[in-house]
Amino acid sequence: MAYNTGSKALTAKVHAMYGNKLTQQNYRELVRKQTVSELASYLKQQTAYAPLLREVNENLVHRGQLENILKRDLFDQYMKVFHYIQRGELRFYRFLIMKMEIAEVLSCIRLLNAGRADEYLLTLPSFFAKHSSFDLYELAKVKNFDELLKLLKPTAYYEILKKYDPTEGDKIDIIKIEIEFNKLYYSKILDIIENTFSGEVKTQIRNSFGIQIDLSNITDIIRLKKYFNAKSEYIRTLLLPYYFKVNKNDLESIMDAADAAGAWQAACETYYGRSFKKQDYEFIENYAQRIMFQYHKQLFAFTTSAPVAVASFLQLKDIEIQNIIHIIEGIRYELAPAEISKLLVGVET
Amino acid sequence: MAIAKMKLVNIVGRLKNFDTVVRSCCLNGDFHPEQSSIALDDVEEFIPIEDFNPYTRTLQRAVDIGVHSDIMLHFSSFDKLNMSDVELEDYIEKTETEINVLGGKVRDLTHDIARLEQGLTQLSHIRSLKISLDDVFSCKFFHFRFGRLPKDSYPKLEICDDSESVFFFPLEEDKEYYWGFYVVLTDVCDKIDELFTSLYFERINILEEAHGTPDEAMTAIRRTLAEKNAVLVDAKAEVSKYWREHQEKFLTAYSKIKYLSDSFDLRKYASKCGDNFYVFGWVPESGAESFAKRFQKLPDVDCVLESSKEAENVTPPTHLINNKISKPFEMFTGMYGLPSYDEIDPTSFMAIAYTLFFGIMFGDLGQGLCIFLIGLFCKYRKMLGAMSGILVRIGISSAIFGFLYNSVFGYEGKLPITILPVHENKNVGILLIAAVALGVIIIIICMLLNITNAIRQKKFDKLWFDANGVAGLAFYVSILVAGGLLVGLQKNILSPLFIAFLIVLPLLLIFFKEPLMRLIERKKEIIPGSKPEFFMTAFFEVFEVLLSYMSNTISFMRVGAYILSHAGMMTAVFAIGKICGNGNIVAVIIGNIFVLALEGLVVGIQGIRLHFYEMFSRFYEGDGKPYEPAKIDY
């Protein structure tokens, strides 16, 4: 279908945007900064974030503000894509908006559970407000679960939330809600991919999302075993029912392992095993991110299809922002540069 | 021309005389000191002198004063200065204190002015406020906070819980922020301040000096700024006045301290044994006797001269002495490396060859004279250093050859006679062959230079078995002569004897250079290591040697080629001139300037390349030690 290639201008544009990424040298300098101000100053003067940070006073900027600016930048770049797409592609490209909506609802629920609902307003991303399918500012006013339900009634999230209305005094079951939301998101997106693209492009985009699903499953199993000593039956209910490079049996054998270490061994036998460093599973999330990075970097380098390029680019950019946030946190916790470097993805040191 | 002969000087004396020795003999002269440990490493009684330099601190303070006050530190004669060491130290300290006082005033004023200017900028963002700031800040029940709020945060203000207590008034907006203020009741101000901080509000502190409305305040502050600037000018003038009065004396004191400090530092070259010191170094042979005489006046000090041959484990430094004509080319040879003490100094050779090459390749009377004049101009104005001298010489050479070629500013045939008709099409072949012939001669000269070096250095293998030694020379000349006779005169002299002795034998000598040398030196294994490996390596080396003979010779064809390209470029210039309107003189002038610059640069670089790659690599090692006589660098 015509949507497979998409607009050539869009592909070129995305590649140009990627060209502004942080270089190895940039990362090397950033991990050596001693304060958030120095980091902000460096970003402002030496990287492509300069125009974004021009008005910002690096001596006064707060890390939350900085993170907000970075996330806003990602979103702005994402919004540029919409100039180039046709109506038939719209459903696919809105995937990030849906993902962000889900993140906001979950954030609100977490704060409700903690009794700090009024803090949601502070982290609310204003730049996203006018793109979501419900009013984010209304979400900020929500004080309890009933109000939340009422607000989200017109949306697809309502049916899921309804099932988990907590009884008086109980916490909202955010774990189950998160799983259900993710299932909703992935089922929707995989369906859209099925109907919009074909052939090689379809396979590549499916794999892009598929790898996220696979890694999410593996990571969840190991985490649940490690921190909650969960049993297979319980874990099974929390997994995403989609299998790409790991099949159902593989996941079963990981789940059936006696403990986290055993599960890790089983995970190393799977397709992703070659990228895991066999010694420690402490860093499973880091490895998962690395796999994502490697896959999408390769995909991005060789593709001429706009939707593939966009999907990969957004992944890579997200990883870059995560890296910067890791560095900021590393600076605040006064970690040595070598320590911080270990946390970064896609950076050689 | 060439490398100055050096004599080794050994000085021994009583430690208490060390400073006198150093000061009267070793500074600002010809003495190149060496680390005494080199000569003494097997003599255990001698230990290096490691005294702490008492002048370092004072010197450092003096340098700091100079740097902070922007004074150019230079030598100022201190013969008339009559200060003891302690007096010098006190003087420097006094100067430091005085300068700090004056400088402090300037610093404080500058700081204050910067603060006021920043405050002025901040006020400019809120100037649309028409209320008096005094009223604002004297409120009992309200607090006013001025600053800027990110635009992202602004819509959140209406929604937050305390929205009824929050009053934010934007006064000015830019791309990312709203400048303005918010008002807060005193009893809830902590909570609201916290809220605004979480929304990334950046507070600015209004200057204490701001009174009235922002506009009025700005006017008043501007007046204050003007006054402070005037005071600053006065303060700076005071500093200048101080320096005008004291600079001379300060520089004299500085020079003396530097002299004392650096001469003390020479101790790092010396060793001591008990009560005595030992130091040695090099002096050019021409001045060696008079140098030694200086020590005769000093009691308890001895000076012994040795020749460089007697001092086996120390290499003498290389001091180039070239006559005026060759001197500018020292810059080029220096680029490759300084000649070793026992090598021939190639500077004179390069002077002749480079000038010749440039003249041949560039060959234009008018442009050559231009280069010559540019060189003279630069020399007069002391610009470009050695380069100006080179320009003068290559300019003359180009002019001469331009005269021979009958080429003036690209116009050919303007002169009555053409001595060397290089620009005629039928001569192209001859031209290129002549260029190659020139190359052959040059390469043979280089080989002879290498042989001479080998004789001087007494290196047997380099003399006989080297690719640029007798074997290589024999092979090269034989091939050329045989080939030349064959092609030119159809005469074949390639008899079996000829081939055996003049072609195969030299190649074998080159192939087996190392084993032969080991044989002669009566070493145990003639071919150390793996024999197949040796044969492989040697084979490729000989192959490389043969290839380089050929390529280096043909490389000289470029000398002829550049003559043609110069003519070609000028033809293009004239063609453009025609297009611009029948021999438009402006186009021709611009074209000439362009060709002069471009062709001049290209030919210059090609000349250097020929020298460094085709020529120097055959005989020049260039790992000499520079001659650095002890002197004080003020």
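## Conventions

A polar contact is a pair of N or O atoms within 3.5 Å; within protein, one atom must be able to donate a hydrogen and the other to accept it, and residues adjacent in sequence count only if both atoms are side-chain atoms. By this criterion, ten residue pairs are in polar contact between chain B and chain A, both residues being at pLDDT 80 or more.

The model is predicted, so local features need pLDDT of at least 70 and side-chain atom pairs count only at pLDDT 80 or more, whereas totals for chains, interfaces and linings use all residues. Residues are numbered from 1 along each chain as its sequence is written, chains are lettered from A and ligands numbered from 1 in the order in which they are written, and side-chain values use heavy atoms, with hydrogens and water left out.

## The two chains

Chain A has 20 helices and zero strands, while chain B has 21 helices and 14 strands. These elements are DSSP runs numbered from the N terminus: helices are H or I with at least four residues, strands E with at least two. Of the 349 residues in chain A, 52% are buried; in chain B the buried share is 47% of 634 residues. Buried means under 20% relative accessible area, exposed over 50%, and partly exposed in between (1.4 Å probe, protein chains only).

Contacts are defined by heavy atoms within 4.5 Å. Among those in chain A between residues at least 6 apart in sequence, 63% join residues at least 24 apart. For chain B, residues 24 or more positions apart account for 80% of the contacts with a separation of 6 or more.

## Surface of chain B

Chain B exposes about 33,900 Å², with 62% supplied by carbon and sulfur atoms. The accessible areas come from the Shrake-Rupley method with a 1.4 Å probe; for residues, only the protein chains shown count as cover. A nonpolar patch of about 810 Å² includes B:M536, B:F539, B:F540 and B:M550. Helix α19 (residues 531-555) gives the largest share of this patch, seven residues. B:M550 lies in that helix and is exposed, with a relative accessible area of 54%.

Patches consist of residues with over 30% relative accessible area and no salt bridge; like charges are joined within 9 Å, and nonpolar side chains (Val, Leu, Ile, Met, Phe, Trp, Tyr) within 5 Å.

## Interface between the chains

The contact takes 16 residues from chain B and 21 residues from chain A. About 1,700 Å² is buried between them, 53% of it from carbon and sulfur atoms. Buried area is the accessible area (1.4 Å probe) that two parts lose on being put together, summed over both.

Two salt bridges connect chain B and chain A, a salt bridge being a side-chain nitrogen of Lys or Arg within 4 Å of a carboxyl oxygen of Asp or Glu. B:E176 pairs in this way with A:R72, the closest N and O atoms being 3.1 Å apart. Both partners are buried, B:E176 at 15% relative accessibility and A:R72 at 11%.

## Salt bridges within chain B

B:E34 and B:K625 meet in a salt bridge at 2.4 Å, N to O. The pair links distant parts of the chain, 591 residues apart: B:E34 lies in strand β3 (residues 32-34), and B:K625 in the segment after α21 (585-619). B:E34 is buried at 6% relative accessibility, whereas B:K625 is partly exposed at 27%.

A network of salt bridges links B:D112, B:R115, B:E209 and B:K228.
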